[in-house]
Amino acid sequence: MPFWTAHKLCVYHSHIPKTGGTSISHWATQAGFDLNGISGWEKPCSLQHRSLDVPSLSQDMEQHMPVACFAVVRNPIDRLVSHWCGRHSQRENHSDSNDFHHFCTQVFLNEASNPFIYDNHIRPQVDFVDGRFELFAFGEWDRLQSFLNDLTFEHGVANVFPAFPSTKHNAGRTKFQPLQDTVDLILKNRRADYELWNMVKDA
């Protein structure tokens with residue numbers, strides 16, 4: 001959950017895990033911003049992955065007083081596949097559709113008792129944003145670039161965001177296709193995320 005600062009301008013990026021957040025943070029440093037709250041561990045999750053229910057985030061919001069907040073959201077299936085492929089890339093069967101289905105089943109059973117499971121990496125995206133946030137669909141880097149450059153210009157800051165660095169979209173989806181039962185399971189358990197994704201990508 002980085003707070004970006006340049007001169008007197010502060011912008012808050014809600015780093016929803018598996019939505020290109022690390023690349024976005026590197027991009028901000030290229031544009032000359034200093035980043036705060038991007039590393040370190042604090043219960044119940046690491047600083048950069050704080051959802052809105054973490055009390056320290058509200059305290060940091062009051063301290064930094066960002067002029068704008070934004071987040072990138074992603075197709076819920078692609079996001080879970082990305083986490084799965086990254087977490088199990090060293091396993092021979094990491095690309096097996098049945099194994100992925102078992103993983104999703106266990107995750108949805110366990111997250112009720114521990115919503116911060118896997119350091120919030122698979123937490124519903126709706127838990128990271130509210131009405132204060134400008135939202136961008138994963139892959140809409142040109143639109144995000146325009147938004148940020150308009151923001152810096154509006155506040156008289158000379159920092160300019162270059163073109164977003166190339167990124168691999170949906171890196172894991174080429175390795176395997178989730179079972180239809182898995183797609184249905186994700187839809188059932190991430191319905192609010194689907195609604196958010198559809199709203200943002202169609203905006």
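Start by selecting Val11 and Ala68: Val11 stands opposite Ala68, which sits in strand 6. Before moving on, note that this is a predicted model, where local features need pLDDT of at least 70, side-chain atom pairs count only at pLDDT 80 or more, and totals for chains, interfaces and linings use all residues. Residues are numbered from 1 along each chain as its sequence is written, and side-chain values use heavy atoms, leaving out hydrogens and water.

**Stop 1**

Select residues 9-14, which make up strand 2. Strands here are DSSP runs (E, at least two residues), numbered from the N terminus. Two strands count as paired if DSSP finds at least two bridges between them.

Next, select residues 3-6, strand 1, which runs antiparallel to strand 2 and is joined to it by 4 bridges. Within this pairing, look for Phe3, which stands opposite Tyr12 in strand 2. Strands 1 and 2 form a hairpin with 2 residues between them. Click on His7 in that turn to find a positive phi of about 60°.

**Stop 2**

Is strand 2 mostly covered or uncovered? Strand 2 is mostly covered, with 6 of its 6 residues buried. Buried means under 20% relative accessible area, exposed means over 50%, and partly exposed lies in between (1.4 Å probe, protein chains only).

In a regular strand the side chains alternate between the two faces of the sheet. Show the side chains of Leu9, Val11 and His13 on one side, then Cys10, Tyr12 and Ser14 on the other; all are buried.

**Stop 2: salt bridges**

Side chains of opposite charge can pair when their charged atoms come close. A salt bridge here is a side-chain nitrogen of Lys or Arg within 4 Å of a carboxyl oxygen of Asp or Glu. How many salt bridges does the structure hold? The structure holds 7.

- Select Arg123 and Asp127: their closest N and O atoms are 2.7 Å apart in a salt bridge. Arg123 is buried at 7% relative accessible area, whereas Asp127 is partly exposed at 27%.
- Select Arg132 and Asp130: this salt bridge has its closest N and O atoms 2.8 Å apart. Arg132 is partly exposed at 48%, and Asp130 is partly exposed at 32%.
- Select Asp202 and Lys201: their salt bridge has its closest N and O atoms 3.2 Å apart. Asp202 is exposed at 56%, while Lys201 is partly exposed at 36%.

For the last stop, select Asp53, Arg123 and Asp127 together: salt bridges that share partners join them into one network.
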